[in-house]
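Colleague: I want to learn how to read aromatic contacts and sheet order in a model. Can we take a case and go through it?

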Amino acid sequence: MLAGGGISKMLQAIANDGAVVTLALLTKAEIEFHRKHSTFICPTCRHPVLIKAGQKTVPHFAHYPQSDCPSRGGGEGPYHKKGKLLLYLWLKKQFIDVALEKYLPRIKQQPDLYLKIGDKRIVIEYQCSRVDIRSILQRNQGYLSAGIIPIWILGANLFNRKGPYHLKVDSFLLQFVHQFNPSYPLTLFFFCPHSLQLVSFTDFFINKNNQAIGKFIFSKLTTIKFNQLFYQKHFSRNTLYRLWKAEKRNFRLKPRLSKFGKTRSWYQWLYLQNVQIDYLPSIIHLPISSQYLMKRPLWEWQSRLCLDILYQKKIGSLFRLQTCMHRLKHDTNSANYFPLISSQLHPVSEYLQILTQLRIIEAVAHDTYKILTPISLHRSLDESLAKDSQLMDQLIEHAVKGNI
């Protein structure tokens with residue numbers, strides 16, 4: 001629940017007999033009885049609240065407009081309230097210690113759901129609307145500072161699938177990517193309160209601005225347990241590289257991107273390098289799982305790295321990881337911008353690792369590499385397409401053998 005304006009809405013309140021009442025779980029007759037015979041107060045501020053129960057809304061309580069409750073928030077529609085309630089009931093049926101809309105005074109935040117499992121404290125936020133990214137960062141920092149694990153489940157209204165393996169993933173959705181430990185794949189969670197479908201998009205790779213390739217996992221809320229969210233489900237690298245082979249071909253053949261902003265500066269930089277886009281080396285535009293850290297698309301930062309440091313260097317030439325990092329320092333976001341991701345991978349080191357596996361370069365020291373294969377431009381579009389295909393077939397072969 002994000003703070004905002006408007007009348008504060010909640011699913012639970014305290015009745016005059018001290019009982020905690022979840023209005024949405026009552027029958028119409030029970031709600032009408034309470035409307036006539038009971039009074040309710042907010043669990044946080046202890047001020048009176050109203051019963052709201054119509055034909056088109058999930059029954060809930062609401063503060064009076066003049067309320068100054070510290071937990072007050074706005075913008076919760078029926079979709080959000082229904083989803084939050086269903087998630088609460090799902091956890092209760094598993095005998096998990098869960099509280100609905102518990103206010104945390106130390107950090108002045110009120111998560112949708114608050115869980116205690118052993119010695120772990122967890123909050124689940126069901127996010128159905130687009131808000132300022134800074135507010136998401138602040139909430140995550142608040143939870144983490146209190147030793148609480150935040151888990152965000154997005155409303156299916158934010159789910160925009162583009163194909164069997166493709167999802168629209170913009171800078172807003174990237175704030176909700178989870179990686180619970182370094183070996184856990186990058187994962188987004190979605191839930192639809194109407195179909196009861198819980199979707200995981202996992203182990204994904206950003207292939208272009210606002211789109212990623214990964215593995216979809218669809219489950220009914222009634223058939224999945226909470227702990228199953230933490231099972232590791234990896235995307236086949238064989239499938240990834242076969243899909244990426246098509247991505248590279250599309251990159252070569254599609255109409256050129258609009259020449260505005262950073263894209264325009266890239267075109268200008270290529271022009272000054274006397275390089276045509278169609279003839280870029282095939283090692284440019286390779287999949288990197290930590291691409292979320294980069295401010296520029298794959299083909300932009302990889303081309304700058306390739307042409308500035310590897311291009312036309314003799315076999316045996318050495319270069320340092322630190323030189324590559326420095327070249328792209330202004331194009332890389334801080335890992336602090338993604339507090340839900342525990343990976344220590346850096347896009348540059350990950351890219352160099354792929355080039356090492358392809359025997360383009362070789363690591364000769366902790367941060368030093370040697371060039372094994374000279375990098376040059378292609379001479380025609382047909383050659384570029386052929387070399388792209390050849391390189392991706394090489395990655396596919398490694399994946400089939402289990403080397404990547």
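Modeller: Start with the rule for rings: those of Phe, Tyr and Trp pair if their centres lie within 6.5 Å. Keep in mind that this is a predicted model.

Colleague: Which residues form one aromatic cluster?

Modeller: Trp90, Phe180, Tyr184, Phe189, Phe226 and Phe230 do. Across the whole structure, a search finds 21 aromatic pairs. One of them joins Phe180 and Phe230, at 4.9 Å centre to centre with 65° between the planes.

Colleague: Why is that pair edge-to-face?

Modeller: Planes over 60 degrees apart count as edge-to-face, and here the angle is 65°. The two residues are 50 apart in the chain. Phe180 sits in the loop between H4 and S12, Phe230 in the loop between S14 and H5.

Colleague: How is the pair of Phe201 and Phe216 arranged?

Modeller: It is tilted, with 40° between the planes and 4.7 Å between centres. Phe201 lies in S13 and Phe216 in S14. Both residues are buried.

Colleague: Now the sheet. What is the strand order?

Modeller: In general, strands of a sheet pair through backbone hydrogen bonds, parallel or antiparallel. Here six strands make an open sheet, ordered S1-S6-S5-S4-S2-S3, with antiparallel pairing. S1 and S3 stand at the edges with a single partner strand each, so one side of each has no neighbour in the sheet.

Conventions: Residues are numbered from 1 along each chain as its sequence is written. This is a predicted model: local features need pLDDT of at least 70, side-chain atom pairs count only at pLDDT 80 or more; totals for chains, interfaces and linings use all residues. Side-chain values use heavy atoms; hydrogens and water are left out. Two strands pair if DSSP finds at least two bridges between them. Helices (H or I, at least four residues) and strands (E, at least two) are DSSP runs, numbered from the N terminus. Rings of Phe, Tyr and Trp (its six-membered ring) pair if their centres lie within 6.5 Å; planes under 30 degrees apart count as stacked, over 60 as edge-to-face and the rest as tilted. Buried means under 20% relative accessible area, exposed over 50%, partly exposed in between (1.4 Å probe, protein chains only).
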